[in-house]
Amino acid sequence: MIKTRHLLLLCALTVSALLPAMAEAEWNDSIRYRGEINVSFAGGKNTPFWLMNNQWGLSSRERNNGYLRLGAFKDLDRGKRFSWGAGVDLAVGYRMPSVFAVQQLYAEVKYRCLDLMVGSKEIPGFFDSPDLASGNLLYAGNARPIPQVRAGIFDYADFWGTNGWFAVKGYLAFGKFTDNNWIKNWVAPDTKYTLGTLYHSKALFFRGGNAKKFPLEFEFGMEMATEFGGTTYNYPSPGNKLKMPSGFKNWIKAIIPMGGGSDTPAGEQTNVEGNFLGSWNFALSWKPQADWSLRLYYEHFFEDHSMMTFDYPWKDGLYGIHAKLPSNRWVSDVLYEFIYMKDQSGPVYWDHTPEINEQVSSRDNYYNHYIYNGWQHWGMGIGNPLIISPVYNDNHRLFFRSTRMWGHHLGFRGQPLDELGYKVLASVQKSWGTYDRPFKEPMKSFNLLVEASYTPKALPGWRADLSFGMDAGSLIGNSYGAMLRISKTGWLFGKSKKNR
């Protein structure tokens, strides 16, 4: 079975093999660097929600934390037939989940429309404006990147003969979670947890329309992920362990969801092997002018086969609208989202038996799994953070306790002055817990972020972000605090021609 350290070693060797070529980089192949220092101070129960979440896992629930981060990147040139890229991004933290973090370490190459990436890289989800949105249901930029090997067509490529009116993109990836040590140190004794979990993901998206000739575009596609392999401890009871198979056929079953064999629990044989989840994604964009646009989008989440098709009503999902307004200083972008996850295909589940030969595949329990740690990495949910991450659990159980919920989210930003910008995020939600573990009374939460960004013209590449956050409600408690981030970006070997 593939080891985490083997993946990281492969990443390091690949990057180091490319580094000598960087010294001979042409001006248009300059190496971009970024340095960043971040400190936050808080009162109340936690670091405020929007100071902590959607930070790619480089954050901490523990109050009064900070980190120093340094990175160097060689970006792909999408305008070339052949191009390569690499990145190294390291952090040292105080009161963080780990003192030292390899946040990103990757190498990538493209030929025409084909791409290959090896390593750990921050890869945004399907929808745009991740700095304003609450986050995609499958991938939200809320947890640390997962080291992986990913191949496919990462950017839309035109179909032959369609003159730019129809395009496709997609990928296939395998990797491994890196949070073994964190889990062993954090999880409560005698509670279920899994180590050495393997990861698979794939997607296929289509785009119709040509914005250069007509301003309307439509996108749709599916993205799926699977957790498989690994060893689960304290299952089915404290002191016991279950080693899930990870041979070649299990990797194939991760690609093509199928029932498990006799070497897996009965539940895996009845349904599909591993923790299988995914989302359908739809978006409609209207771009009448270069300086403004309107985008409507919908994401439908599913677990296993139930809710993947139309066997059950599609009540759950993320509905959003994002408007880029005509050029003005005060409000440049406005985004609103409504998330509804309360149905989960209904409250009844039944596997057919000889006595009652009926199958009711409801009671989905989003993000959770009876064998695996759930859809999380280092305690942070990989999907939308409004479904509260396990790291918030005071009992230190790896379990999403508030998946049956609905919420509203608003984000907007502007640039009142040439050197001064701002951003506001506000979210409210109501949660009923889960079907198996409902709350005695519904819990609520309100989360607010107000952020000011200063980019002095006299100091090119420098930026300072000052953020204020607060939480109120019974779901995660009351908190308030501030965060200061100072960053510097530039070019190690001169400035790119196209940026001169």
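**Chat about a predicted model**

Me: How many helices and strands are there in the protein?
Reply: Five helices and 25 strands. The model is predicted.

Me: How does the radius of gyration sit against the globule rule?
Reply: The radius of gyration is 23 Å, close to the 23 Å that the rule gives for 500 residues, so the protein is as compact as a globular protein of that length. Along the principal axes, the C-alpha atoms fill a box of roughly 75 × 50 × 45 Å.

Me: What share of the residues is buried?
Reply: 52% of the 500 residues.

Me: And what about confidence, what is the average pLDDT?
Reply: The average is 90, and 90% of the residues score at least 70. Over residues 17–28, though, pLDDT stays under 50. The model has 20 contacts beyond four places in sequence for that stretch. Where pLDDT is low, the predicted coordinates should not be read in detail.

Me: Changing topic, which peptide bond is cis?
Reply: The bond from Tyr235 to Pro236 is cis, with omega near 5°. Pro236 is in the loop between strand E11 (231–233) and strand E12 (241–243).

Me: What else is in the loop between E11 and E12?
Reply: Asn234 lies there. Asn234 is not a glycine, yet has a positive phi of about 60°. Asn234 is buried, with a relative accessible area of 14%.

Me: What is phi of Asn365?
Reply: Near 60°, a positive value in a residue other than glycine. Asn365 is in the loop between strand E18 (360–361) and strand E19 (376–377).

Me: Is Asn365 buried or exposed?
Reply: Buried, with a relative accessible area of 17%.

Definitions and conventions:
Residues are numbered from 1 along each chain as its sequence is written. This is a predicted model: local features need pLDDT of at least 70, side-chain atom pairs count only at pLDDT 80 or more; totals for chains, interfaces and linings use all residues. Side-chain values use heavy atoms; hydrogens and water are left out. Helices (H or I, at least four residues) and strands (E, at least two) are DSSP runs, numbered from the N terminus. The radius of gyration is taken over C-alpha atoms; the globule rule is 2.2 Å times the number of residues to the power 0.38. Buried means under 20% relative accessible area, exposed over 50%, partly exposed in between (1.4 Å probe, protein chains only). pLDDT is the predictor's confidence in each residue, from 0 to 100. Contact means heavy atoms within 4.5 Å.
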